Amino acid sequence: MTIKTILIDDERKALAILKNKLQRLCPNVQIIAETQSPKEGIELIKSLKPDLVFLDIAMPELSGFDVLKQFENPDFEIIFATAFDNYAIEAIKHCAIGYLVKPVDNKDLVDAVANAENNIGDKSALQKNKQLIENLGVQTFQKKKIIIPSVEGLEFVKIENIVHCEGEAGYTKIHLKEGKPLLSSNSIGHFNKLLEHSDFYLVHKSHLINLSYIEKYLNEGYVILTGNAKIPVSRNRRQEFLDQLKS
């Protein structure tokens with residue numbers, strides 16, 4: 001499969017390095033255009049209709065997020081590039097969109113392109129890109145949504161509706177405030193990274209809880225959550241967990 005690709009980065013050197021790496025490591029990527037101008041990038045995307053866009057986030061004229069917002073129906077796959085930026089990476093991860101941290105690692109690049117190729121086949125870019133734009137307008141962590149791939153497709157779930165996540169043999173069962181639990185093929189470790197925030201705590205290797213739903217802590221090492229779920233707290237995490245609750 002040939003992936004028609006546009007590169008947008010305001011730094012000439014970064015653009016040249018990325019192009020060189022793609023030509024050496026990703027032979028299925030066809031670079032159809034490149035630019036240092038985000039405004040020109042918008043026009044190139046509109047006219048050339050790429051499958052994939054590598055998009056730098058921190059650009060002086062328009063950010064990568066600003067570029068995305070110029071499209072009513074952004075149906076192209078994106079791999080964002082960024083220097084380490086917690087806010088940007090958090091927003092992107094929540095929507096299952098690809099990203100690379102500069103300087104770009106070769107393996108990370110190959111993996112990101114492989115994921116993008118799979119996503120192009122799934123035709124899920126439009127939904128994910130629209131959700132990212134929506135999340136960027138939401139300031140409160142709990143009000144944002146994450147995307148959970150399920151058997152039926154993609155589930156868009158508000159973080160505030162997640163009571164806890166339960167790891168089961170490499171899968172994760174997501175227990176919600178309302179409705180049936182969702183089963184994800186991603187591990188509990190994936191959701192621990194995705195929901196990395198002071199509102200969530202991994203109380204046990206198999207249980208990640210939303211602290212907003214704690215009803216009671218029992219001295220024998222359990223928490224009771226809304227809905228009467230009784231969750232064990234690992235012995236080696238109890239003191240740190242209690243300290244976090246107090247803070």
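**Exercise 1. Decide whether C26 is buried or exposed.**
Step one: C26 has a relative accessible area of 3%. Step two: apply the cut-offs, which are buried under 20%, exposed over 50% and partly exposed in between (1.4 Å probe, protein chains only). C26 is therefore buried. C95 is buried too, with a relative accessible area of 0%.

Before going on, note that this is a predicted model, where local features need pLDDT of at least 70, side-chain atom pairs count only at pLDDT 80 or more, and totals for chains, interfaces and linings use all residues. Residues are numbered from 1 along each chain as its sequence is written, and side-chain values use heavy atoms, with hydrogens and water left out.

**Exercise 2. Find how many disulfides the structure holds.**
A disulfide is a covalent bond between the sulfur atoms of two cysteines. Here the test is a pair of cysteine sulfur atoms within 2.5 Å. Take C95: the closest cysteine sulfur is in C165, 16 Å away, so the gap is too far for a bond. The search of the whole structure gives zero disulfides.

**Exercise 3. Describe how strands β6 and β7 are joined.**
Strands are DSSP runs of E, at least two residues, numbered from the N terminus (helices: H or I, at least four). Two strands pair if DSSP finds at least two bridges between them. β6 covers residues 145-150 and β7 residues 153-158. Six bridges join them, and they run antiparallel. K145 stands opposite K158 in β7. Two residues lie between β6 and β7, which form a hairpin.
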